[in-house]
Amino acid sequence: MLSELLQGTDTGAVLIIQDSCSYSGQHLLKSFISAALNKEEAVHVLGFDVSEEELKDGLTASTQRLHFHSAYTDPLGWTNRTAFTVHQFCVEELTHLLKQTSHPKPVTLVIDSLSWILRHVSPPAVCKTLQQLKKGGAVRAVIGLLHADMHQRGTVGSVCHLATSVITVAPGTKGDEAVAKTTKRSKSGKVMQDEEIFSIKGDFSVTVVSKTSHAGHRQTEPEEHQTDPTANLTFNIRLSDTEREAKEKLALPFVFSKEKKTALLQSGPGSGRILYEPDANDDYDQEDPDDDLDV
Amino acid sequence: MFTELNSILNATPDSFTQGEFILVSDRQSDASFLIHHFLSFYLRARCKVCFLGLVQSFSHYSAISQRLGVSLTQAREKGQLIFLEGLKESLSILIPQETTTGSQAMDFLRDPTVGLQRLYEFVRSSVRSDGGGEEGVEEWGPPVLLVDDVSVLLSLGVSAGAVLDFSHYCRATVCSQLQGNIVMLVRCHGEDAEDDGSDEGSEWLLKGVTHQCSLTLHVQGLPTGYCRDIHGQVEVCWRRRRGDGQHTQKKLFQYKVHDKGASFFAPGTSSAVL
């Protein structure tokens, strides 16, 4: 699903890349920028976390359609050299900013990173702006990077709820591989999830190494070879066929089977017999009082 | 300057990566020996060093640097080292006298909610080389900012968000604009994990600065407990890499601090064991 997302996004799509301290989502973000530039789209980048040089470093695609709005040098207005401050993150200012560079192609807005904005602007305001960007016509798609370990779970959840796709990246087992868990919500309301292992090459193209199946269906491991306990012994405990038959025929000594019960109840030949002649006072009942016992 | 650490970080006083943001952190341990290393390293590399010493006095660093072969007094006189003595300056703010003309750097002590803009301005004026300097002023190399340590600001009432803003601005000015380096020390208490950033303490600050930095050195005690011959372990993590090698690389070393340095070795190869 990662490759599908890289190929193209629908109009009104909001894609959020969640990363953490152990693996930075910056390179994946650059891959998305590179893919968008290769598709001849206009990309506007709101850079808070990285400088322009660092973002453009390594991008081989033509950077002519890449417009970088630097909020890195002075996001809070401390040095009065601002191009874009964090408090300008609202729909009016953004639309104004995007209109300054006019072009016929639809615009993809990349925000690096949303965490910076969330530290200074309240989460409801950020969500409102994202929603208005999604619904309005100023941008075709919004891609944002979010450092999930820097915010409360509720904040991360709220922002990701707005998104049409969320990619959570984590380090993989091998050196340059990483795991991406993707959740995509289509317009019809269907939610698709996927987990893939990917690696990013030098030119920021993404190679999906393998697809791990959904969390519910683990890959069935090949059945373990049943070990034979009678092998590798210095003595022989195997049974031949006749021995096995005799073993199964054997009646165990303390099991009360039907044969034993009839043998005990009916006296065999030659054993003592009991003759009973009831007195006048005896209440002799011919019936066996133990007859109803199910033994 | 610890030669083994130099070879681990692939840096010599003559050639080191510029524009690096190095985060030195510790959890229930003491990573300040690394600050002494970086101080002597960058002074030897003839860089212009701005040192924010918020927890110790100048004489403390001077005495230790003497053992590492660098004279801080000389560097300060020559103008190579600009040293902000946080403890002294804070006294002049808390007990103001008419004659004090100290810099406004520690102004956040008056009102911690204001933020660290003044401190940033102090840093900015220190690292910028004066245009049209006097004759005889030596030309120093790229500027370096050393902060020891950042988490004490949290104890002084500054919010962790303000500290992150400060480190961001320093990075924008020193690393990106002037191609200098920054070394910051963040100390954590190792308290139980807070609820994902609701409590903005030192752990949250550590995560925030980790996202900004390009190289982290995390010092911890040995997980197995106290050892006389091994003082702890250092985890070195390279985060951003230009060009090839997009992935982060981590290496673990154990160390022992001596009188005049520290030795680093791969786990299990301590000289006491071999």
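Author: Contact here means heavy atoms within 4.5 Å. By that rule, 31 residues of chain B are in contact with 38 residues of chain A. The model is predicted, so local features need pLDDT of at least 70 and side-chain atom pairs count only at pLDDT 80 or more, while totals for chains, interfaces and linings use all residues. Residues are numbered from 1 along each chain as its sequence is written, chains are lettered from A and ligands numbered from 1 in the order in which they are written, and side-chain values use heavy atoms, with hydrogens and water left out.

Together the two chains bury about 2,900 Å² (the accessible area, with a 1.4 Å probe, that two parts lose on being put together, summed over both). Carbon and sulfur atoms account for 52% of that area. Two salt bridges cross the interface of chain B and chain A (a side-chain nitrogen of Lys or Arg within 4 Å of a carboxyl oxygen of Asp or Glu). A salt bridge joins the side chains of B:D165 and A:R119, at 3.1 Å from N to O. On the side of chain B that touches chain A, α6, α8 and α9 (202–212) each supply at least two residues (helices are DSSP runs of H or I, at least four residues, numbered from the N terminus). The largest share, ten residues, comes from α8(B).
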